[in-house]
Amino acid sequence: MHRTTSRIVLAVIASFVAIIGLSSPSQAVTKLTDAQAASQLSAAGISRVSTGGCTDRNVGSCTSYDQINQETVSGIITFKGASGCAITITGGTETGHADGPNSHWNGYKVDIRPTDCVSGFITSTYAYSGVRGDGATLYTAPSGNVYAREGSHWDITYYSCGGC
């Protein structure tokens, strides 16, 4: 009887810890330097373009990865593997994007070039989830990551690495 009670108590504690761990909004986020993120993305075959030809986070015409979340980098790498598409990042953590807690500046978003392969994969694989206030069409992956079709690119918000 004692052994059974102990198992039940341990199961309840384990369940409680799992719930707390999954629902805690204060989990640590790993931030990367531009060089760290560029190394991972380049190794995965993901390229970057910049209208300004630069990577300075404080210049809006640059495409920077400085202070990007590891989950965001892992997420776009997972997306590339799942889609089989060539991926070109056109926007990262540089200034000039919309504010908010899950913003580009805070490391949660990347913009990518909307090739036929990328657009076809997103619209045929992920669930249509409406239209954002700015008119962008939204698609949501099972992971919760959101793909917004803006005028010249896909604006992707990574809440998780998407099954990496």
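**Strand order and helix packing in the sheet**

Biologist: What strand order does the open sheet have, and what is the pairing?
Modeller: In this predicted model, the open sheet has 7 strands in the order 2-4-5-9-8-7-6, and the pairing is mixed.

Biologist: Which strands stand at the edges, and why is one side of each left without a neighbour?
Modeller: Strand 2 (47-48) and strand 6 (127-131) are the edge strands; each has a single partner strand, so one side of each lacks a neighbour in the sheet.

Biologist: Which helix touches strand 4 (88-91)?
Modeller: Helix 3, residues 70-83, packs on the sheet and touches strand 4, along with strand 5 (109-112), strand 8 and strand 9 (154-157). The direction of helix 3 makes about 35 degrees with that of strand 5.

Biologist: And what does helix 4 touch?
Modeller: Helix 4, residues 116-125, also packs on the sheet, in contact with strand 5, strand 6, strand 7, strand 8 and strand 9. Its direction makes about 50 degrees with that of strand 9.

Biologist: Back to strand 2: is its pairing with strand 4 parallel or antiparallel?
Modeller: Strand 2 and strand 4 pair in the parallel sense, over 2 bridges. Opposite Arg48 stands Ile89 of strand 4.

Biologist: What is the bridge partner of Ile89 in strand 5?
Modeller: That partner is Ile112. Strands 4 and 5 pair in the antiparallel sense, over 2 bridges.

Biologist: Now strand 7 and strand 8: over how many bridges do they pair?
Modeller: Strand 7 (residues 137-140) and strand 8 (residues 146-149) pair over 4 bridges, in the antiparallel sense. Within this pairing, Tyr139 stands opposite Tyr147 in strand 8.

Notes. Residues are numbered from 1 along each chain as its sequence is written. This is a predicted model: local features need pLDDT of at least 70, side-chain atom pairs count only at pLDDT 80 or more; totals for chains, interfaces and linings use all residues. Side-chain values use heavy atoms; hydrogens and water are left out. Two strands pair if DSSP finds at least two bridges between them. Contact means heavy atoms within 4.5 Å. Axes are lines fitted to C-alpha atoms, for helices over the stretch in contact, and angles run from 0 to 180 degrees between N-to-C directions.
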